[in-house]
Amino acid sequence: MIRTIAKKEVVEALRDGRFRWAAGLVGVLLLIALAAGTRQFLDLRAQHEAAKTETRAHWLQQGKKNPHSAAHYGVYAFKPKTALSLLDQGVDPYTGVAAWLEAHKQNDFRYKPAQDANTLARFGNLSGAIILQALIPLVIILLGFSAFAGEREQGTLRQLLSLGVPPTQLAWGKALGVGVSLAMIAVPAALLGSAALVFAGSNGDYGAAWPRFAGMAASYVLYFVTFIALSLAVSAWMKTARGALVLLLGFWVVNALLSPRVAASLSQRAIPAPGAFQFARNIELDLARHSDGHDAGKHTAKLLAGTLQKYQVTKVEDLPVSFVGIRLQDGEAQGNQAYDARYGELWNQYERQGRLQEALGVVAPFLAIRSASMGFAGTDFSQHRHFAAAAEQYRRYFIDVINQDIIQRAGNQGVYLRGQDLWSQIRDFEYELPGAGWVAQQRALSLAVLAGWTLASLGLLLLATRRLRLE
Amino acid sequence: MLQALNLSKAYGNQVALDSLNLSIAAGEIFCLLGANGAGKTTTINLFLNFTAPTSGQALVDGLDVIQHPLESKRRLAYIPETVMLYRNLSGLENLDYFASLGTQQKYTRSQLETFLQRAGLAPDAATKRIGAYSKGMRQKVGIAIAIAKQAKVLLLDEPTSGLDPAASNEFSELLTQLSREGVAVLMATHDLFRAKECGTRVGIMKRGRLVQTMATSEIGHTELEGIYLEHMRN
Ligand SMILES: Nc1ncnc2c1ncn2[C@@H]1O[C@H](COP(=O)(O)OP(=O)(O)O)[C@@H](O)[C@H]1O
Ligand SMILES: [Mg+2]
């Protein structure tokens, strides 16, 4: 019975010019967004791969120089992009995907497209995620708002119910019908997307991509089912199709247009985080209170005294280790302390803001799907932080290798130069994104909120159809 | 087949139906006459369980329509003043849809075509979209649904009002045929002539009360009209 009902709904939708137009339009937009995303993704990956080999080659071939100069010469670390990021760029345009690692500095992120683009370009970028999160719900509303209310107005509802059709079966059939109509838009795009995924993942990383893909698909299914059930419930509840449409469009506006702005300003108000300028200034002030490795201040005098005492000598020249190296390493430790404290604070604030926005998903499921989607795409803030932490660990490792070399071998007189034998001692930066399980754990709140919406909206649909009114 | 036991319905303090007692057997065509607002539609809605009675009981084939909302409906077919169908589907598709939901079985295309033919729909009309149907054609699809459903009971709410005399006559003949096959019919109508022609019994309803019931075989046209007008006058 459910299948019969679903089939009739699909046939009617297909014969309805409005649906054909809307579906065609959204389908085409989705394909364009996918194509653009794939292209961008492939370009970016090719760039990264080239840059990665190049940065290593440059590092190895930088010639003879003082190791500390080499530490300032620096290296790039690239955050790997999942193929799914072609659908959902997440926060990448704002945080950047390449860390510049050198002595003294932490978290110097480069390549932030959002920084360069003007506002128009930022919103003009029609991503797959926006289509899935905002446009598809609109199509669902158009498919569903008249499901019951329209039949009520046409009088076919009386005819149907006089047959002895259980209203709940009618609801499931109609829900399935909307789902199938939707699939007609989404499936061609999904197939091409999967093809793009396989194509893009051709050099091996796509085995790991499937669990993420499954997680993302499941999240979107929950989101779409929520909208299908809500549309049908409202259609069953409201007297007229017009009333149902107005109510649903109102919800859509709140969900897709208002909620991101309101959530952003609410979370900033609840958990104030400093702006970029203020943050940079804070760091600067902190660092000024410490020596940074080049500075000859009071701190250096104290450090020298301590070192001389440790080695039981009276002059720098008599030290068995290089005092320059010790000073550099000390400066690094001081800097790390300042950066760790400030960044730790900032990132905890961001993380808490993110959690608050996820929780606000209770009001607008858009917030929950947005965060789940970028989570599985590997482009959320948590994964930016995960990568930044790994990059920072690597930075400390290679600065430490260099400083230890200076301490042990540079002595305290004359020029000290090293060549490739030292550069090649430093292993290359290797990083893998955490798995889908880690993401699911990080985004548990969003996933729970999505599941809650799905259950609640299905419950609402059951309730509304049990009390299905005829007039 | 159809039974009303002290069936009453009030909307607020407005009594729409007042202790109706009625029993319609298989093969009977009971025509319910009465002015607008007499309570005819209310009676039919109560049998369909579309509204809940204030008191009393409505039974279809012995089943209480409130306790058996689905089973009781499976035994009946409902044809309102205008049978409402899906505009974007053809007559055949509409029949297919309603028949498979009403019977939970799948008819073949030729079976469906036979039903439409029996209901008097021209074969070339069957594949046209409902948007192009006249009212008479819609009513025929309604009859075809009832035939496909093998309904034991027909509930008809002014099914012929607005039909031209020929179509109206055709409709009555179909009813007579179905009743010969054992279908019980309850028809609300304003058409005294048709009621006398095809009905086996007529009942006159006034302000929610069934004031008089007669067998059509025992009275003539003019007599029926006289009685009806008499009731309407006071
Ligand atoms: N949903 C309703 N709400 C309030 N009053 C109603 C409703 N339906 C019918 N009525 C009233 O009940 C009475 C009987 O109506 P109805 O059964 O439709 O009459 P008929 O079909 O014989 O013309 C009328 O007075 C009508 O106004
Ligand atoms: Mg009426």
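A polar contact is a pair of N or O atoms within 3.5 Å. By that cut-off, an oxygen atom of ligand 1 meets a polar backbone atom of B:Lys40 at 2.8 Å. The model is predicted.

**Polar contacts of ligand 1**
- A polar backbone atom of B:Gly37 is 2.6 Å from an oxygen atom of ligand 1.
- For B:Ala38, a backbone N or O atom lies 3.2 Å from an oxygen atom of the ligand.
- On its own, ligand 1 has 560 Å² of accessible area, and the protein covers 62% of this.

**Shell around ligand 1**
- The surrounding residues include B:Tyr11, B:Gln14, B:Ala16, B:Ala35, B:Asn36 and B:Gly39.
- B:Thr41 and B:Thr42 are also among them.
- By class, six shell residues are polar, four are nonpolar and one is charged.
- Strand β2 (14–24) and helix α1 (40–47) of chain B each give at least two residues to the shell.
- The largest share, three residues, comes from α1(B).

**Helix α16 of chain A**
- This helix spans residues 365–377, 13 residues in total.
- From first C-alpha to last, α16(A) reaches 18 Å, close to the 18 Å expected at 1.5 Å a residue.
- Twelve of its 13 residues are buried, so α16(A) is largely enclosed by the rest of the structure.
- Among the buried residues are A:Phe366, A:Leu367, A:Ile369, A:Met374 and A:Phe376.
- A:Ser371, A:Ser373 and A:Gly375 are buried too.
- A:Gly378 follows the helix, with a positive phi near 80°.

Note on methods
Residues are numbered from 1 along each chain as its sequence is written. Chains are lettered from A and ligands numbered from 1 in the order in which they are written. This is a predicted model: local features need pLDDT of at least 70, side-chain atom pairs count only at pLDDT 80 or more; totals for chains, interfaces and linings use all residues. Side-chain values use heavy atoms; hydrogens and water are left out. Helices (H or I, at least four residues) and strands (E, at least two) are DSSP runs, numbered from the N terminus. The expected span of a helix is 1.5 Å times one less than its number of residues. Buried means under 20% relative accessible area, exposed over 50%, partly exposed in between (1.4 Å probe, protein chains only). A residue is near a molecule or strand if one of its heavy atoms lies within 4 Å of it. A polar contact is a pair of N or O atoms within 3.5 Å; within protein, one must be able to donate a hydrogen and the other to accept it, and residues adjacent in sequence count only if both atoms are side-chain atoms. Accessible areas come from the Shrake-Rupley method with a 1.4 Å probe; for residues, only the protein chains shown count as cover. Ala, Val, Leu, Ile, Met, Phe, Trp, Tyr, Cys and Pro count as nonpolar, Asp, Glu, Lys and Arg as charged, and the others, Gly among them, as polar.
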